[in-house]
Amino acid sequence: VFGGETQRILVAGWNGPLCTVPADSSPATQESYEGSISCADSTYSGRSFTIGTDDCTIGLIRNPEEGHFLGPVASMPNGQAVMSGGFLDGELHVSQRVEVLSGEFNPDNNLADLGNGASMERGRAWHTATTDMGGRVVFVGGMNFSYGTTGEILDIQFLSTVEVYDPGYDPAPPS
């Protein structure tokens with residue numbers, strides 16, 4: 001749970017079918033995560049979204065193509081949340097993306113992502129994310145893969161490196 005004015009629950013990084021818009025603009029019939037219904041009837045077509053704790057409003061996140069499957073979330077002292085890394089797809093491609101979520105719901109376009117464009121130096125999944133006392137997020141461990149020219153996995157790397165995401169604000173109240 002995170003957020004300022006409104007508390008929100010973050011549902012992030014599930015691994016499963018994703019509704020896509022077909023080129024001919026007819027309703028897609030692939031399975032959505034709500035079950036075997038038409039994607040045209042699906043409310044939740046993104047892989048990550050937020051739910052308001054008081055009114056159950058759904059807020060989609062700016063880049064729902066990012067799976068963040070097995071990527072962690074860290075709560076920030078200012079009510080934001082940081083979602084990082086994880087698997088993008090069933091092919092084990094790993095994300096470098098760091099998404100900062102405000103928790104504020106905009107009914108016009110359902111965006112919760114602040115869109116800061118941050119990335120980790122190295123994509124990773126199965127890592128930890130911990131917020132320190134200064135409001136920075138520390139990413140530790142995880143794994144990544146090396147791929148050949150035809151897409152085959154050549155190597156699995158278990159990461160022992162540490163990365164720090166600094167949002168650039170001072171979480172301490174003014175004295």
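With which side chain does the side chain of R97 make a polar contact? In this predicted model, the partner is the side chain of E99, at 3.3 Å. R97 belongs to strand 6, which covers residues 97-101. The relative accessible area of R97 is 18%, and R97 is therefore classed as buried, the cut-off being under 20%.

In one of them the strands follow the order 1-2-3, and the pairing is antiparallel. On average, neighbouring strands here are turned by 25° against each other, with direction ignored. Four bridges connect strand 1 with strand 2 (residues 49-52) in the antiparallel sense. Within this pairing, L10 is placed opposite T50 of strand 2.

The other open sheet is built from three strands in the order 8-9-12, again with antiparallel pairing. Its edges are formed by strand 8 (128-131) and strand 12 (162-165); because each has a single partner strand, one side of each is left without a neighbour in the sheet. Strand 9 (residues 137-140) pairs with strand 12 over four bridges in the antiparallel sense. F139 has E163 in strand 12 as its bridge partner.

Strand 10 (residues 143-147) and strand 11 (residues 153-158) run antiparallel and are joined by five bridges. One of the residues involved is F145, whose bridge partner in strand 11 is I156. The two strands, strand 10 and strand 11, make up a hairpin, and five residues lie between them. In the turn of this hairpin, G151 has a positive phi of about 95°.

The aromatic residues were considered next. A pair of aromatic rings is described by how far apart the centres are and by the angle of the planes. Four aromatic pairs were counted. One of these is formed by F69 and F87, with 6.3 Å from centre to centre and 45° between the planes, a tilted arrangement. This pair links distant parts of the chain, its members being 18 residues apart. F69 is located in the loop between strand 3 and strand 4 (73-75), whereas F87 is located in the loop between strand 5 (81-84) and strand 6. F69 has a relative accessible area of 26% and is partly exposed. F87, in contrast, has a relative accessible area of 3% and is buried.

A further tilted pair consists of F145 and Y147, with centres 6.4 Å apart and planes at 50°. F145 counts as buried, at 8% relative accessibility. Y147, at 26% relative accessibility, counts as partly exposed. F145 thus takes part both in a bridge, with I156 of strand 11, and in an aromatic pair, with Y147. Ring pairs join F69, F87, W126, F145 and Y147 into a cluster. This cluster includes the residues of both tilted pairs described above, F69 with F87 and F145 with Y147.

Key. Residues are numbered from 1 along each chain as its sequence is written. This is a predicted model: local features need pLDDT of at least 70, side-chain atom pairs count only at pLDDT 80 or more; totals for chains, interfaces and linings use all residues. Side-chain values use heavy atoms; hydrogens and water are left out. Buried means under 20% relative accessible area, exposed over 50%, partly exposed in between (1.4 Å probe, protein chains only). A polar contact is a pair of N or O atoms within 3.5 Å; within protein, one must be able to donate a hydrogen and the other to accept it, and residues adjacent in sequence count only if both atoms are side-chain atoms. Two strands pair if DSSP finds at least two bridges between them. Axes are lines fitted to C-alpha atoms, for helices over the stretch in contact, and angles run from 0 to 180 degrees between N-to-C directions. Rings of Phe, Tyr and Trp (its six-membered ring) pair if their centres lie within 6.5 Å; planes under 30 degrees apart count as stacked, over 60 as edge-to-face and the rest as tilted.
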